[in-house]
Amino acid sequence: MTPMPLSKLRVVPARLIGARPEEVGMALLPGAYLFFILSAYYVIRPIRDQMGVAGGVENLPWLFTATLLGMLVAHPLFAAAVSRWPRKRFVTLTYRFFLANLVIFFVLIKLASPGEGVWVGRVFFVWTSVFNLFVVSVFWSFMTDIFRESQSRRLFGLISVGGSLGAIVGSSITAFLATAFTPVNLLWISVFLIEGAVFCFKALDRRHPAPKAKGEMQESASQVIGGSPLDGILRLARSPYLVGICVFLLLFTIGSTFLYHMQGYFVARTHFGSGAQTAVFARIDLAVNILTLLTQAFLTGRLFRWLGVGFTLALLPLVSIFGFTVLGAMPIFSVFVVFQIFRRAGEYAVGRPAREVLYTVLSRSDRYKAKNFNDTFVYRAGDQAGAWSFAACGALGLGTAAMAFLMLPVAALWLLVALWLGRQQMARASAVRAEAAAIFPAGVSKR
């Protein structure tokens, strides 16, 4: 029997995932890169959550306030690095800075007394909340830098499969080893995984020069983006499109923070002991990531093709409207868990890739600076608003049902913003394609 040609072997998986046959291989290395990032984070995420509960559930709003302040410090430093150094250097330094921090935390946790350990745990909670947004934001900024808008709609879901596999591996490591080994020892696993992400980034950086943006000449990967560390903030103030993304993120994070705090109260009341609580958090993460993986592999690319960016972006607000309605009617732990799993899986599998596509029609400076400000400070500002709103609801004596119904207007507004952003992205993408067609006549490669 004559073996099937390689080109035909690519057709079947391409049809399954909704990409072009020649693009299947293009997602492998970025997928591995995201695998290492998210596996590193998901090893330490349940440890962070348990430390947050150990420090007192009532203190979680203060931890979110400290996280917001941490973002105020971290973003200008990152933006200054973007302005001063080429892509290869500032991305590598960002990852290795966080890697060194993990080693320091390992030492501090080992040496701390029980009283000191509570405070070290609180600092670790804040640090992890900064870490996860920064490393993921930098990854997606890099992806929008090396893929065109049309490719992003086909490939971002597929690339995200690598992240879901990493999240499954990371949460599985902690779920099955947290009770057998001291959780602090698992930090070393994250250290080696972050270094794996650096290796993948360097390999991709060598393969992909920085692309042209809106009619500019193609740039070298070693070229410095330049500008001011405040460019991201200034651009956000002047661009309705970036303001729309900002509002979208705020509404998303407010709802997510409400659910996160509900999760803390549910678990604190139903499970006892740090090992048991850590395992529950890890099993929820595991369920989320399995559902995310299946959706990313077989559905995300098709949703972009069937619905477009706007309606794909609107799916998560619709899920939230339905979920908050059911949770308000039946405020029990099992309903909460199902809603939380579907909402988080929807964010990772559909919401996040759709949100990243929004940035592919912007300049390189916006993709690193304005995007990072939105992904870090604005994201945590939404956490802050959600955390203190949740605390205020608790002070007023509102129960889970009342809080769930309170989130319905937020989810409805979120839906409207998603649809508006979809229309704006479509218009900008058409303009970018028209400019590219004018610069590169038919038959001339754009990359």
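How much space lies in the largest cavity? About 670 Å³ lies there. The model is predicted: local features need pLDDT of at least 70, side-chain atom pairs count only at pLDDT 80 or more, and totals for chains, interfaces and linings use all residues. Residues are numbered from 1 along each chain as its sequence is written, and side-chain values use heavy atoms, with hydrogens and water left out.

**The cavity**

The structure holds three cavities of 30 Å³ or more. A cavity is a set of points, on a 1 Å grid over the protein atoms alone, where a 1.4 Å probe fits but cannot get out; lining residues have an atom within 4 Å of a point. Grid points are joined across faces, edges and corners, and a volume is the space filled by probe spheres set on the points.

The largest cavity is lined by 34 residues, of which Tyr42, Arg45, Asn132, Tyr348 and Tyr379 are the closest to its centre. By class, the lining comprises 14 nonpolar, 11 polar and nine charged residues. Here Ala, Val, Leu, Ile, Met, Phe, Trp, Tyr, Cys and Pro count as nonpolar, Asp, Glu, Lys and Arg as charged, and the others, Gly among them, as polar. Helix α13 (333–357) is among the elements that supply at least two lining residues each, as are α3 (28–54) and α14 (364–395). The most comes from α13, with seven residues.

**Fold and cores**

The chain has 15 helices and zero strands; these are DSSP runs numbered from the N terminus, with helices being H or I of at least four residues and strands E of at least two. Of its 447 residues, 57% count as buried, where buried means under 20% relative accessible area, exposed over 50% and partly exposed in between (1.4 Å probe, protein chains only). Among contacts (heavy atoms within 4.5 Å) with a separation of 6 or more, 86% join residues 24 or more positions apart.

A nonpolar core is a set of buried Ala, Val, Leu, Ile, Met, Phe, Trp, Tyr and Cys residues joined through side-chain atoms within 4.5 Å. In the largest core, of 98 residues, Tyr33, Tyr95 and Met143 touch the most other members. Helix α6 (residues 114–146) gives this core its largest share, 15 residues. A second, separate core has 24 residues, including Met262, Val288, Phe336 and Phe339.

The table gives the relative accessible area of each.

| Residue | Relative accessible area |
|---|---|
| Tyr241 | 1% |
| Asp366 | 4% |
| Val130 | 9% |

Tyr241 lies in helix α10 (residues 240–270). Beyond four places in sequence, Tyr241 touches Leu358, Val361, Leu362, Trp420, Leu421, Gln424, Gln425 and Arg428. Its side chain reaches the backbone oxygen of Leu358 at 2.8 Å. Tyr241 and Tyr359 are 118 residues apart in sequence, yet their C-alpha atoms are 9.9 Å apart in space.

Asp366 belongs to helix α14. With neighbours within four places in sequence left aside, Asp366 is in contact with Arg235, Leu242 and Lys371.

Val130 is part of helix α6. On the same exclusion of neighbours within four places, the contacts of Val130 are Thr67, Met71, Ala74 and Phe98. From Val130 to His75 the C-alpha to C-alpha distance is 10.0 Å, across 55 residues of sequence.

Conventions: A polar contact is a pair of N or O atoms within 3.5 Å; within protein, one must be able to donate a hydrogen and the other to accept it, and residues adjacent in sequence count only if both atoms are side-chain atoms. On a 1 Å grid over the protein atoms alone, a cavity is a set of points where a 1.4 Å probe fits but cannot get out, and a pocket is an open set with protein on both sides within 12 Å along at least five of seven lines; lining residues have an atom within 4 Å of a point.
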